[in-house]
Amino acid sequence: MDTETGGLDPAQNPITSFAAVVLDFNTLKEVDRWETYVKPYNDLQITKESIQKTMVNMAEVNRGMELNAFIDAFMRFCTQNFADTKGKDQRRLVAVGHNVMFDVGMLEAAFYYSAHGKKQSLFNYIQDQTLDTMYLSKMMYGLTGDEKMTLGATCERAGIILTDAHGAMNDVEATAEYFRYCVRRLRATGDISSATEKKSRRRGNEFFEFKCAK
């Protein structure tokens, strides 16, 4: 998922657009998608810098969904894509994104500002834990964080073309493709614990033995 926003502070800046693609985690195939603009709400400020950076057209934002309607639609979108499992908590979606906790924070604030603020939580619909493709990149490529870590730079490392960065659905499609790339690489490794490693790895009490020098 991805949010485009009027700034970086959820207490001062609103969501201007939202996009999400739902993937089946087993097949990695797309099963649903949704995108919308969101009208300004709660007298929060949309900065000129954010408009220039996110490529959001204010005319489209002003024709977007009212906040309460957006939250209603978000809840329906998540609910209709809940996993078919017995455990209620396990049904919620897992949010995937590049620096996804920023988007989670913006959505959490939007829930709070809406009419559902006292009755509903964002985490009734998505898991508390997220999957951040930025950190997957760090692990896969051995990056320290000093390197450029934008979605564009990450996609470039994987040979994925990102067009019109900072358009919500464009970013979501690129992130989804990069996430597929990450999962396929992980699955391609097979059993990461080789027979040799298993034999050499100490077990149980042996692991905690202290050997003193003679």
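Does N42 count as buried, exposed or partly exposed, and at what relative accessibility? N42 counts as partly exposed because its relative accessibility is 46%. Here buried means under 20% relative accessible area, exposed means over 50%, and partly exposed lies in between (1.4 Å probe, protein chains only).

This is a predicted model: local features need pLDDT of at least 70, side-chain atom pairs count only at pLDDT 80 or more, and totals for chains, interfaces and linings use all residues. Residues are numbered from 1 along each chain as its sequence is written, and side-chain values use heavy atoms, with hydrogens and water left out.

## The chain as a whole

The chain holds 9 helices and 5 strands. Helices (H or I, at least four residues) and strands (E, at least two) are DSSP runs, numbered from the N terminus. From the N terminus on, the order of elements is β-β-β-α-α-α-β-α-β-α-α-α-α-α. The chain has 214 residues, and 41% of them are buried. Take the contacts between residues at least 6 apart in sequence: 66% of these join residues at least 24 apart. A contact means heavy atoms within 4.5 Å.

## The sheet

An open sheet is formed by 3 strands, in the order β1-β2-β3, with antiparallel pairing. Its edge strands are β1 (2-5) and β3 (30-37), and each of them pairs on one side only. From one strand to the next, the twist averages 5 degrees. Two strands pair if DSSP finds at least two bridges between them.

β1 and β2 pair in the antiparallel sense over 4 bridges. In this pairing T3 stands opposite F18 of β2. Strand β2 (residues 15-23) is joined to β3 by 7 bridges, and these two strands run antiparallel. There, L23 has E30 of β3 as its bridge partner.

In a regular strand the side chains alternate between the two faces of the sheet. β1 is covered on both faces. D2 and E4 lie on one side, T3 and T5 on the other, and all are buried.

Helix α4 (residues 100-113) lies across β1 and β2, and runs at about 70 degrees to β1.

## Positive phi angles

Most residues other than glycine have a negative phi, and most peptide bonds are trans. N42 is not a glycine, yet its phi is positive, about 60 degrees. N42 sits in the loop between β3 and α1 (48-54). N99 also is not a glycine and has a positive phi of about 60 degrees. The loop that holds N99 runs between β4 (96-97) and α4. N99 counts as partly exposed, at 38% relative accessibility.

Two packed helices are described by the angle between their axes and the distance between the axes. Axes are lines fitted to C-alpha atoms, for helices over the stretch in contact, and angles run from 0 to 180 degrees between N-to-C directions.

| Helix pair | Crossing angle | Axis distance |
|---|---|---|
| α6 (residues 151-158) and α7 (residues 168-188) | about 40 degrees | 10 Å |
| α5 (residues 133-141) and α7 | roughly 40 degrees | within 11 Å |

α5 and α7 are thus described as oblique, and α6 and α7 are oblique to each other too. Angles under 35 degrees count as roughly parallel, over 145 as roughly antiparallel, 65 to 115 as roughly perpendicular, and the rest as oblique. The crossing of α6 and α7 is left-handed, and so is the crossing of α5 and α7. Left-handed means that the near helix is turned anticlockwise from the far one by less than a right angle; clockwise makes a crossing right-handed.

Which residues of α6 meet α7? They are L151, T154, C155 and A158, and their partners in α7 are D171, A174, T175, Y178 and Y181. Ala, Val, Leu, Ile, Met, Phe, Trp, Tyr, Cys and Pro count as nonpolar, Asp, Glu, Lys and Arg as charged, and the others, Gly among them, as polar.

In α5, T133, L136, S137, M140 and Y141 meet residues of α7, including Y178, F179 and R185. The contact of α5 with α7 has 7 nonpolar, 3 polar and 1 charged residues.

Helix α6 has L151, A153, T154, C155 and A158 as its buried residues. Their cover includes α5 and α7. After α6 comes G159, with a positive phi near 75 degrees.
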